Amino acid sequence: MFLFGMCLLGAVYGIILISSAVGRSSVYVQIGAVVVGVVFFVLFSYIDIDVISAQSKLLFVFSALFILTLIPWGAGDEIGRRAWLRFGQIGVQPAEIVKIPFTIIMAQMIVSYRERKTLNSVVSLLQILFVFGMMFALVLVVSEDLGTALVYLGILVVMLYIGGVKLRWFILGGAVTAAAFPFLLNYVFLTHQRERILAPFARFFPDILPPDRLADVTWQPNMSVSAIAGGGFTGQGLGNGAITQRGFFALETDFIFAVAGEELGFVGLMAIVLLLVLIIARCIYVGTKSNNPLGMLVCTGISAMFIVQAIMNIGMALGLLPVVGVPLPFFSYGGSSVVTYFAAAGIVSGIKMRPKPVRFRSL
(Lines give C-alpha, C1' and ligand atoms only; values in the text may rest on other atoms or scores of the structure.)
Protein backbone atom coordinates (compact mmCIF):
# COMPACT_ATOMS: atom_id res chain seq x y z
CA MET A 1 0.00 0.00 0.00
CA PHE A 2 2.94 2.35 0.58
CA LEU A 3 4.13 1.97 -3.01
CA PHE A 4 0.58 2.31 -4.35
CA GLY A 5 0.01 5.41 -2.22
CA MET A 6 3.17 7.12 -3.47
CA CYS A 7 2.34 6.31 -7.09
CA LEU A 8 -1.22 7.60 -6.73
CA LEU A 9 -0.04 10.74 -4.95
CA GLY A 10 2.44 11.43 -7.75
CA ALA A 11 -0.26 10.92 -10.39
CA VAL A 12 -2.68 13.28 -8.60
CA TYR A 13 0.08 15.88 -8.30
CA GLY A 14 0.70 15.48 -12.02
CA ILE A 15 -3.00 16.00 -12.80
CA ILE A 16 -2.92 19.28 -10.87
CA LEU A 17 0.12 20.45 -12.87
CA ILE A 18 -1.42 19.33 -16.18
CA SER A 19 -4.62 21.20 -15.36
CA SER A 20 -2.65 24.37 -14.75
CA ALA A 21 -0.56 23.90 -17.90
CA VAL A 22 -3.10 22.95 -20.58
CA GLY A 23 -6.61 22.91 -19.15
CA ARG A 24 -9.43 20.50 -18.42
CA SER A 25 -9.67 18.45 -21.61
CA SER A 26 -6.27 16.85 -21.04
CA VAL A 27 -7.09 16.43 -17.35
CA TYR A 28 -10.09 14.23 -18.10
CA VAL A 29 -7.94 11.98 -20.29
CA GLN A 30 -5.26 11.78 -17.62
CA ILE A 31 -7.79 10.97 -14.88
CA GLY A 32 -9.12 8.16 -17.05
CA ALA A 33 -5.60 6.86 -17.59
CA VAL A 34 -4.90 6.93 -13.84
CA VAL A 35 -8.10 4.98 -13.14
CA VAL A 36 -7.06 2.35 -15.71
CA GLY A 37 -3.57 2.41 -14.20
CA VAL A 38 -4.93 1.67 -10.74
CA VAL A 39 -6.84 -1.31 -12.14
CA PHE A 40 -3.65 -2.55 -13.82
CA PHE A 41 -1.71 -2.08 -10.59
CA VAL A 42 -4.11 -4.48 -8.87
CA LEU A 43 -4.17 -6.97 -11.76
CA PHE A 44 -0.41 -7.02 -12.23
CA SER A 45 0.17 -7.51 -8.53
CA TYR A 46 -1.36 -10.97 -9.00
CA ILE A 47 0.92 -11.90 -11.91
CA ASP A 48 3.42 -14.65 -11.13
CA ILE A 49 6.63 -13.40 -12.70
CA ASP A 50 8.13 -16.91 -12.79
CA VAL A 51 5.22 -18.18 -14.87
CA ILE A 52 5.25 -15.20 -17.23
CA SER A 53 9.03 -15.22 -17.67
CA ALA A 54 8.91 -18.87 -18.73
CA GLN A 55 7.17 -17.59 -21.87
CA SER A 56 9.94 -15.08 -22.66
CA LYS A 57 10.08 -16.10 -26.34
CA LEU A 58 6.39 -15.37 -26.75
CA LEU A 59 6.88 -12.08 -24.91
CA PHE A 60 9.59 -11.14 -27.39
CA VAL A 61 7.43 -12.04 -30.40
CA PHE A 62 4.49 -10.09 -28.95
CA SER A 63 6.69 -7.06 -28.24
CA ALA A 64 8.21 -7.02 -31.72
CA LEU A 65 4.85 -7.45 -33.49
CA PHE A 66 3.22 -4.82 -31.28
CA ILE A 67 5.84 -2.22 -32.23
CA LEU A 68 5.70 -3.28 -35.90
CA THR A 69 1.98 -2.43 -35.98
CA LEU A 70 3.15 1.18 -36.14
CA ILE A 71 4.31 0.67 -39.74
CA PRO A 72 0.81 0.35 -41.22
CA TRP A 73 -1.23 2.07 -38.49
CA GLY A 74 1.13 4.40 -36.64
CA ALA A 75 0.16 8.05 -36.19
CA GLY A 76 2.76 10.80 -36.04
CA ASP A 77 3.20 13.73 -33.69
CA GLU A 78 4.27 17.33 -34.23
CA ILE A 79 7.88 16.38 -35.08
CA GLY A 80 6.99 13.36 -37.20
CA ARG A 81 7.56 10.50 -34.75
CA ARG A 82 5.35 7.56 -35.73
CA ALA A 83 4.93 6.42 -32.13
CA TRP A 84 1.18 6.05 -31.49
CA LEU A 85 -1.73 3.86 -32.46
CA ARG A 86 -4.81 6.07 -32.52
CA PHE A 87 -8.31 4.91 -31.61
CA GLY A 88 -10.35 8.08 -31.87
CA GLN A 89 -9.21 10.32 -29.01
CA ILE A 90 -7.27 7.48 -27.40
CA GLY A 91 -3.61 6.96 -28.24
CA VAL A 92 -1.55 3.87 -27.40
CA GLN A 93 2.24 4.02 -27.47
CA PRO A 94 3.60 0.47 -28.00
CA ALA A 95 7.21 1.34 -27.07
CA GLU A 96 6.05 2.50 -23.63
CA ILE A 97 4.01 -0.63 -22.94
CA VAL A 98 6.74 -2.97 -24.19
CA LYS A 99 9.11 -1.73 -21.46
CA ILE A 100 7.49 -4.23 -19.09
CA PRO A 101 7.90 -7.39 -21.22
CA PHE A 102 11.39 -6.16 -22.19
CA THR A 103 12.36 -5.98 -18.52
CA ILE A 104 10.98 -9.47 -17.85
CA ILE A 105 12.79 -10.91 -20.90
CA MET A 106 16.12 -9.41 -19.84
CA ALA A 107 15.67 -10.63 -16.27
CA GLN A 108 14.86 -14.15 -17.45
CA MET A 109 17.93 -14.31 -19.70
CA ILE A 110 20.28 -12.98 -17.03
CA VAL A 111 18.95 -15.37 -14.37
CA SER A 112 19.13 -18.31 -16.76
CA TYR A 113 22.78 -17.62 -17.61
CA ARG A 114 23.63 -17.01 -13.96
CA GLU A 115 22.21 -20.39 -12.99
CA ARG A 116 24.40 -22.00 -15.67
CA LYS A 117 27.36 -19.84 -14.56
CA THR A 118 27.84 -18.57 -18.12
CA LEU A 119 26.65 -14.98 -17.72
CA ASN A 120 30.09 -13.50 -18.42
CA SER A 121 30.79 -15.66 -21.44
CA VAL A 122 30.97 -14.00 -24.84
CA VAL A 123 28.18 -16.17 -26.25
CA SER A 124 25.75 -15.36 -23.43
CA LEU A 125 26.40 -11.63 -23.58
CA LEU A 126 26.05 -11.59 -27.37
CA GLN A 127 22.69 -13.34 -27.10
CA ILE A 128 21.49 -10.77 -24.55
CA LEU A 129 22.77 -7.93 -26.71
CA PHE A 130 21.12 -9.40 -29.79
CA VAL A 131 17.69 -9.43 -28.13
CA PHE A 132 18.26 -5.94 -26.76
CA GLY A 133 19.53 -4.72 -30.14
CA MET A 134 16.40 -5.97 -31.88
CA MET A 135 14.14 -4.13 -29.43
CA PHE A 136 16.30 -0.99 -29.48
CA ALA A 137 16.32 -0.92 -33.29
CA LEU A 138 12.55 -1.42 -33.50
CA VAL A 139 11.87 1.45 -31.11
CA LEU A 140 14.43 3.73 -32.78
CA VAL A 141 13.59 2.96 -36.41
CA VAL A 142 9.89 2.06 -36.40
CA SER A 143 8.59 4.54 -33.81
CA GLU A 144 11.47 7.00 -34.35
CA ASP A 145 11.58 7.49 -30.57
CA LEU A 146 15.18 8.08 -29.48
CA GLY A 147 14.25 8.95 -25.91
CA THR A 148 12.40 5.70 -25.23
CA ALA A 149 15.15 3.71 -26.96
CA LEU A 150 17.69 5.25 -24.57
CA VAL A 151 15.50 4.24 -21.63
CA TYR A 152 15.71 0.63 -22.86
CA LEU A 153 19.50 0.98 -22.91
CA GLY A 154 19.51 2.33 -19.36
CA ILE A 155 17.36 -0.56 -18.14
CA LEU A 156 19.72 -3.09 -19.73
CA VAL A 157 22.92 -1.54 -18.35
CA VAL A 158 21.61 -1.40 -14.78
CA MET A 159 20.22 -4.96 -14.93
CA LEU A 160 23.47 -6.35 -16.32
CA TYR A 161 25.50 -4.62 -13.62
CA ILE A 162 23.25 -5.78 -10.77
CA GLY A 163 22.97 -9.21 -12.40
CA GLY A 164 26.71 -9.77 -12.09
CA VAL A 165 28.31 -8.87 -15.41
CA LYS A 166 31.98 -8.03 -14.83
CA LEU A 167 33.24 -4.47 -15.09
CA ARG A 168 35.54 -5.21 -18.02
CA TRP A 169 32.54 -5.81 -20.28
CA PHE A 170 31.10 -2.39 -19.42
CA ILE A 171 34.44 -0.75 -20.20
CA LEU A 172 34.57 -2.58 -23.53
CA GLY A 173 30.95 -1.68 -24.29
CA GLY A 174 31.57 1.98 -23.46
CA ALA A 175 34.62 2.04 -25.74
CA VAL A 176 32.70 0.45 -28.62
CA THR A 177 29.79 2.87 -28.15
CA ALA A 178 32.14 5.87 -28.10
CA ALA A 179 33.85 4.65 -31.29
CA ALA A 180 30.52 4.04 -33.04
CA PHE A 181 28.87 7.27 -31.86
CA PRO A 182 30.07 9.49 -34.76
CA PHE A 183 28.74 6.94 -37.26
CA LEU A 184 25.40 6.71 -35.44
CA LEU A 185 25.17 10.48 -35.21
CA ASN A 186 25.74 11.02 -38.92
CA TYR A 187 24.09 8.00 -40.52
CA VAL A 188 21.51 6.50 -38.13
CA PHE A 189 19.90 9.29 -36.13
CA LEU A 190 17.42 11.55 -37.90
CA THR A 191 18.25 15.23 -38.42
CA HIS A 192 16.13 16.51 -35.54
CA GLN A 193 17.54 13.80 -33.25
CA ARG A 194 21.10 14.72 -34.15
CA GLU A 195 20.44 18.42 -33.53
CA ARG A 196 18.88 17.76 -30.15
CA ILE A 197 21.78 15.55 -29.07
CA LEU A 198 24.32 18.23 -30.03
CA ALA A 199 22.42 21.22 -28.61
CA PRO A 200 23.51 20.89 -24.93
CA PHE A 201 27.16 21.03 -26.02
CA ALA A 202 26.69 24.33 -27.88
CA ARG A 203 27.69 26.33 -24.81
CA PHE A 204 31.16 24.77 -25.07
CA PHE A 205 31.32 24.48 -28.88
CA PRO A 206 29.36 27.42 -30.36
CA ASP A 207 29.92 26.27 -33.95
CA ILE A 208 28.51 22.80 -33.41
CA LEU A 209 25.22 23.83 -35.08
CA PRO A 210 24.26 26.67 -37.44
CA PRO A 211 23.00 29.69 -35.45
CA ASP A 212 19.46 29.49 -36.79
CA ARG A 213 19.14 25.79 -35.97
CA LEU A 214 20.76 26.24 -32.55
CA ALA A 215 18.30 28.99 -31.64
CA ASP A 216 15.38 26.79 -32.71
CA VAL A 217 16.56 23.62 -30.93
CA THR A 218 17.47 25.37 -27.66
CA TRP A 219 14.34 27.52 -27.45
CA GLN A 220 12.34 25.00 -25.41
CA PRO A 221 15.00 24.19 -22.80
CA ASN A 222 15.89 27.89 -22.50
CA MET A 223 12.24 28.74 -21.81
CA SER A 224 12.10 25.89 -19.30
CA VAL A 225 15.18 27.10 -17.43
CA SER A 226 13.81 30.65 -17.34
CA ALA A 227 10.49 29.38 -15.97
CA ILE A 228 12.16 27.37 -13.22
CA ALA A 229 14.43 30.29 -12.29
CA GLY A 230 11.44 32.63 -12.17
CA GLY A 231 9.61 30.42 -9.68
CA GLY A 232 11.94 31.16 -6.81
CA PHE A 233 11.34 29.29 -3.56
CA THR A 234 7.54 29.17 -3.41
CA GLY A 235 6.55 29.88 -7.02
CA GLN A 236 4.18 32.32 -8.70
CA GLY A 237 1.06 30.29 -7.94
CA LEU A 238 -0.90 27.68 -9.89
CA GLY A 239 -2.14 29.13 -13.15
CA ASN A 240 -0.01 32.25 -12.74
CA GLY A 241 3.28 31.24 -14.35
CA ALA A 242 4.49 34.13 -16.49
CA ILE A 243 6.20 31.81 -18.96
CA THR A 244 4.36 28.50 -18.63
CA GLN A 245 0.96 30.13 -19.07
CA ARG A 246 2.12 31.35 -22.47
CA GLY A 247 1.94 27.71 -23.53
CA PHE A 248 5.34 26.89 -24.99
CA PHE A 249 5.48 23.44 -26.58
CA ALA A 250 5.07 20.13 -24.62
CA LEU A 251 4.46 21.67 -21.19
CA GLU A 252 2.29 18.79 -20.03
CA THR A 253 4.74 16.10 -21.17
CA ASP A 254 8.44 16.90 -21.58
CA PHE A 255 8.42 20.05 -19.44
CA ILE A 256 5.97 19.34 -16.61
CA PHE A 257 8.93 19.90 -14.26
CA ALA A 258 9.14 23.50 -15.52
CA VAL A 259 5.45 24.04 -14.71
CA ALA A 260 6.04 22.90 -11.13
CA GLY A 261 9.19 25.03 -10.89
CA GLU A 262 7.61 28.30 -12.01
CA GLU A 263 4.22 27.95 -10.36
CA LEU A 264 5.15 26.09 -7.14
CA GLY A 265 8.82 26.99 -6.89
CA PHE A 266 11.64 25.05 -5.30
CA VAL A 267 9.17 23.57 -2.81
CA GLY A 268 7.09 22.09 -5.64
CA LEU A 269 10.16 20.67 -7.37
CA MET A 270 11.42 19.03 -4.19
CA ALA A 271 8.00 17.45 -3.66
CA ILE A 272 8.31 15.81 -7.09
CA VAL A 273 11.84 14.62 -6.39
CA LEU A 274 10.85 13.27 -2.96
CA LEU A 275 7.92 11.28 -4.34
CA LEU A 276 10.07 9.80 -7.10
CA VAL A 277 12.82 8.92 -4.62
CA LEU A 278 10.30 7.17 -2.36
CA ILE A 279 8.83 5.20 -5.27
CA ILE A 280 12.26 4.16 -6.56
CA ALA A 281 13.58 3.36 -3.07
CA ARG A 282 10.56 1.15 -2.40
CA CYS A 283 11.09 -0.76 -5.67
CA ILE A 284 14.77 -1.28 -4.80
CA TYR A 285 13.88 -2.37 -1.27
CA VAL A 286 11.39 -4.96 -2.51
CA GLY A 287 14.00 -6.28 -4.93
CA THR A 288 16.66 -6.68 -2.25
CA LYS A 289 14.22 -8.50 0.04
CA SER A 290 12.64 -10.78 -2.55
CA ASN A 291 15.16 -13.66 -2.20
CA ASN A 292 14.18 -14.52 -5.75
CA PRO A 293 16.86 -13.71 -8.36
CA LEU A 294 14.23 -13.18 -11.05
CA GLY A 295 12.09 -10.95 -8.86
CA MET A 296 15.15 -9.02 -7.74
CA LEU A 297 16.17 -8.32 -11.34
CA VAL A 298 12.66 -7.36 -12.43
CA CYS A 299 12.50 -4.86 -9.54
CA THR A 300 15.93 -3.63 -10.61
CA GLY A 301 14.77 -3.10 -14.18
CA ILE A 302 11.62 -1.26 -13.08
CA SER A 303 13.66 0.90 -10.70
CA ALA A 304 16.09 1.65 -13.55
CA MET A 305 13.18 2.65 -15.80
CA PHE A 306 11.99 5.20 -13.23
CA ILE A 307 15.51 6.45 -12.49
CA VAL A 308 16.60 6.85 -16.12
CA GLN A 309 13.39 8.60 -17.15
CA ALA A 310 13.46 10.93 -14.15
CA ILE A 311 17.08 11.92 -14.82
CA MET A 312 16.46 12.41 -18.53
CA ASN A 313 13.27 14.44 -18.06
CA ILE A 314 14.63 16.66 -15.31
CA GLY A 315 17.88 17.05 -17.27
CA MET A 316 15.86 18.23 -20.28
CA ALA A 317 13.96 20.74 -18.16
CA LEU A 318 17.22 22.12 -16.76
CA GLY A 319 18.82 22.37 -20.20
CA LEU A 320 21.52 19.85 -19.30
CA LEU A 321 20.41 16.94 -21.51
CA PRO A 322 19.00 16.66 -25.04
CA VAL A 323 15.25 17.11 -25.47
CA VAL A 324 14.38 13.58 -26.59
CA GLY A 325 10.76 13.32 -25.49
CA VAL A 326 10.90 11.30 -22.27
CA PRO A 327 8.01 11.80 -19.80
CA LEU A 328 8.48 12.25 -16.06
CA PRO A 329 7.13 9.06 -14.42
CA PHE A 330 3.62 9.49 -12.96
CA PHE A 331 3.65 13.28 -13.45
CA SER A 332 3.70 13.86 -17.22
CA TYR A 333 0.62 13.65 -19.40
CA GLY A 334 0.26 10.40 -21.33
CA GLY A 335 -2.14 7.50 -21.02
CA SER A 336 0.18 4.72 -22.17
CA SER A 337 3.00 5.87 -19.92
CA VAL A 338 0.86 6.29 -16.80
CA VAL A 339 -0.75 2.88 -17.23
CA THR A 340 2.69 1.34 -17.80
CA TYR A 341 4.08 2.92 -14.61
CA PHE A 342 1.20 1.67 -12.49
CA ALA A 343 1.42 -1.81 -14.03
CA ALA A 344 5.17 -1.89 -13.36
CA ALA A 345 4.62 -0.82 -9.76
CA GLY A 346 1.95 -3.52 -9.47
CA ILE A 347 4.51 -6.13 -10.53
CA VAL A 348 6.81 -4.92 -7.75
CA SER A 349 3.92 -5.16 -5.29
CA GLY A 350 3.22 -8.72 -6.45
CA ILE A 351 6.88 -9.70 -5.99
CA LYS A 352 6.69 -8.49 -2.39
CA MET A 353 3.49 -10.43 -1.68
CA ARG A 354 4.50 -13.66 -3.37
CA PRO A 355 6.58 -16.28 -1.45
CA LYS A 356 9.92 -17.54 -2.70
CA PRO A 357 9.53 -19.96 -5.66
CA VAL A 358 10.08 -23.63 -4.93
CA ARG A 359 13.11 -23.88 -7.23
CA PHE A 360 14.91 -21.17 -5.21
CA ARG A 361 14.06 -22.30 -1.67
CA SER A 362 17.17 -24.44 -1.38
CA LEU A 363 19.48 -21.49 -2.30
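View 1. At 8% relative accessibility, Leu209 counts as buried (buried is under 20% relative accessible area, exposed over 50%, partly exposed in between, with a 1.4 Å probe and protein chains only). The model is predicted: local features need pLDDT of at least 70, side-chain atom pairs count only at pLDDT 80 or more, and totals for chains, interfaces and linings use all residues. Residues are numbered from 1 along each chain as its sequence is written, and side-chain values use heavy atoms, with hydrogens and water left out. Leu209 sits in the loop between α11 (191-198) and α12 (211-217). Helices here are DSSP runs (H or I, at least four residues; strands are E, at least two), numbered from the N terminus. Leaving aside residues up to four places away in sequence, Leu209 touches Glu195, Leu198, Ala199 and Leu214 (contact means heavy atoms within 4.5 Å). Leu198 is 11 residues from Leu209 along the chain, and their C-alpha atoms are separated by 7.6 Å.

**View 2. Helix α14 against helix α1.** Two packed helices are described by the angle between their axes and the distance between the axes. Helix α1 spans residues 2-22 and helix α14 spans residues 256-289; their axes come within 10 Å and cross at roughly 160°. Axes are lines fitted to C-alpha atoms, for helices over the stretch in contact, and angles run from 0 to 180 degrees between N-to-C directions. The crossing angle makes α1 roughly antiparallel to α14 (under 35 degrees counts as roughly parallel, over 145 as roughly antiparallel, 65 to 115 as roughly perpendicular, the rest as oblique). By class, this contact of α1 with α14 has 19 nonpolar, three polar and two charged residues. Ala, Val, Leu, Ile, Met, Phe, Trp, Tyr, Cys and Pro count as nonpolar, Asp, Glu, Lys and Arg as charged, and the others, Gly among them, as polar. The crossing of α1 past α14 is left-handed (the near helix is turned anticlockwise from the far one by less than a right angle; clockwise is right-handed).

**View 3. Helix α14 against helix α15.** The axes of α14 and α15 lie 9 Å apart, and the helices pack at an angle of about 165°. The two are therefore roughly antiparallel to each other. α14 passes α15 in a left-handed crossing. From α14, the contact draws on Phe257, Leu276, Ile279, Ile280, Cys283, Ile284, Val286 and Gly287. From α15 come Met296, Cys299, Ile302, Ser303, Phe306, Ile307, Ala310, Asn313, Ile314 and Ala317. Sorted by class, the contact of α14 with α15 has 15 nonpolar, three polar and no charged residues.

**View 4. Helix α14 against helix α16.** Helix α16 covers residues 335-353 and packs on α14 at an angle of about 35°, with the axes 9 Å apart. α14 passes α16 in a left-handed crossing. Arg282, Cys283 and Val286 of α14 meet Val348, Ile351 and Lys352 of α16. This contact of α14 with α16 has four nonpolar, no polar and two charged residues.

View 5. A pair of aromatic rings is described by the distance of the centres and the angle of the planes. The structure holds 13 aromatic pairs. Rings of Phe, Tyr and Trp (its six-membered ring) pair if their centres lie within 6.5 Å; planes under 30 degrees apart count as stacked, over 60 as edge-to-face and the rest as tilted. Phe330 and Tyr341 have ring centres 5.4 Å apart and planes at 50°, so this pair is tilted. Phe330 lies in the loop between α15 (293-317) and α16, and Tyr341 in helix α16, so the pair ties together parts 11 residues apart in sequence. Phe330 is buried, with a relative accessible area of 1%. Tyr341 is buried too, with a relative accessible area of 1%. Phe330 also pairs with Phe342, edge-to-face, at 5.4 Å centre to centre and 90° between the planes. That pair links the loop between α15 and α16 to helix α16, across 12 residues. Both Phe330 and Phe342 are buried.

**View 6. An aromatic cluster.** Phe102, Phe132, Phe136 and Tyr152 form one aromatic cluster.

**View 7. Ser56 in helix α4.** Ser56 lies in helix α4 (residues 56-68). Ser56 is buried, at a relative accessible area of 17%. Ser56 touches Ile105 and Gln108, not counting residues up to four places away in sequence.

**View 8. Gly32 in helix α2.** Gly32 has its place in helix α2 (residues 24-44). Gly32 counts as partly exposed, at 31% relative accessibility. Ser124 is 92 residues from Gly32 along the chain, and their C-alpha atoms are separated by 43 Å.
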